[in-house]
Amino acid sequence: MTRAPAVAGVGPCWICGSSELRLIRRGTLPDRLSSELFKITDADYGRTGDIFRCEACGFLQCATMTDVLDFYVEMADEDYEATSRQRALQQRKLLEAVGRVRPNGRLLDVGAGSGVLVEQAIALGYAAEGIEPSVALHSRARARGLPVHHGVLPNRSAQGPYDVVTVVDVIEHVPDPVGLMRTIAATMSPQGIAVFVTPDVGSLAARLFGWKWWHYRIAHIGYFDRHTLRRAAQAAGLEVILTKRPCWYFPASYLLSRAARYLPKALRVPSPGFLDRITVPLNLFDSLMVVCRKRVAVAN
């Protein structure tokens, strides 16, 4: 088989800066993008932009999708709140794992949505705040009395130093993940930690499902594995001190509707209402959680 050539004018790699990017999958984008396609609860699995692999570091990236912020500013997601109880449990479990490393202090949640993690962090004793680009989700957080700022980092309203910075399912959405990590590192206290959670494209589930894997979607423009996530952290002046596979929690009805996406339409049936009240823990080991600290320079 002849390998596809590197594509001129595309690059550099978002992780290592190499210009050797090869197209491995032609995108399936609609003619016109809209904020609707960037919803958190989007279930159009397998639909992505053009995906390129960096020949130097292996990072998979939608290298031509570099101007997506406005879609997140305009994005509203009514279905997101329908799973708020399960999301709260999920974020509490994440924070309990974080607490074994840093049990208190100032906390910033990047990409805070409607403030679910911030609320849980406050309940656990952190001096927590968040930052969120979506106007609609930010408004919802403020309506609930939660200290969530509108915008992205860097931001005058979110000034460090922070002892904990959480970045849950965010870096796969940004075209400059190393730049975001550097900005986060600059907000951390000397002994602070940053917590990144992102899908793992190197996982068994990703390999088994191929391009139908549920994390291949329009809003995801960067696909990390253990190697590329660690390399990105190192490039940003961070070092990984802990790696975990987080567990997620969903209403049974949500899982049933998502599983139905893999069935022919004729076999898809409505979810019984009682399934909304049943919470199912699910860990397919296809997400990575890494805890990082500032890398300490070694004297010569």
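**Entry 1**

I started with Glu132 and looked up its bridge partner in β6, which is His150. The model is predicted, so I kept to its limits: local features need pLDDT of at least 70, side-chain atom pairs count only at pLDDT 80 or more, and totals for chains, interfaces and linings use all residues. Residues are numbered from 1 along each chain as its sequence is written, and side-chain values use heavy atoms, with hydrogens and water left out.

Strand β5 covers residues 127–132, and three bridges join it to β6 in a parallel run. My strands and helices are DSSP runs numbered from the N terminus (helices are H or I with at least four residues, strands are E with at least two). Two strands pair if DSSP finds at least two bridges between them.

Next I checked what packs here: helix α4 (residues 135–143) touches β5 and β6, and its direction makes about 150 degrees with that of β6. Contact means heavy atoms within 4.5 Å. For angles, axes are lines fitted to C-alpha atoms, for helices over the stretch in contact, and the values run from 0 to 180 degrees between N-to-C directions.

Helix α5 (residues 177–187) packs on the sheet too, touching β7 (162–168), β8 (188–199), β10 and β13 (287–294). The direction of α5 makes about 150 degrees with that of β8.

**Entry 1: the whole sheet**

In what order do the seven strands of the open sheet come? I read β6-β5-β4-β7-β8-β13-β10, with mixed pairing. β6 (148–150) and β10 (238–244) stand at the edges with a single partner strand each, so one side of each has no neighbour in the sheet. On average, neighbouring strands are turned by 20 degrees against each other, direction ignored.

I picked Thr243 from strand β10. Buried means under 20% relative accessible area, exposed over 50%, and partly exposed in between (1.4 Å probe, protein chains only).

Leaving aside neighbours within four places in sequence, Thr243 is in contact with Arg226, Arg230, Leu288, Met289 and Val290. I also looked up Val195: from Thr243 it is 48 residues away in sequence and 9.7 Å away in space, C-alpha to C-alpha.

Then I moved to Gln90, in helix α2 (residues 84–99). Gln90 is buried, with a relative accessible area of 7%. Not counting residues up to four places away in sequence, Gln90 touches Cys247, Trp248 and Tyr249.

**Entry 2: aromatic rings**

How many aromatic pairs does the structure hold? I found seven. Rings of Phe, Tyr and Trp (its six-membered ring) pair if their centres lie within 6.5 Å; planes under 30 degrees apart count as stacked, over 60 as edge-to-face and the rest as tilted.

Phe209 and Trp214 are edge-to-face, at 4.6 Å centre to centre and 65 degrees between the planes. Phe209 is partly exposed at 35% relative accessible area, whereas Trp214 is buried at 16%.

Tyr216 and Tyr223 make a tilted pair, 4.9 Å centre to centre with 50 degrees between the planes. Both of these tyrosines are buried. Together with Trp211 and Trp213, Tyr216 and Tyr223 form one aromatic cluster.

**Entry 3: overall tally**

I noted eight helices and 13 strands for the protein. Of its 300 residues, 50% are buried. Among contacts between residues at least 6 apart in sequence, 74% join residues at least 24 apart.
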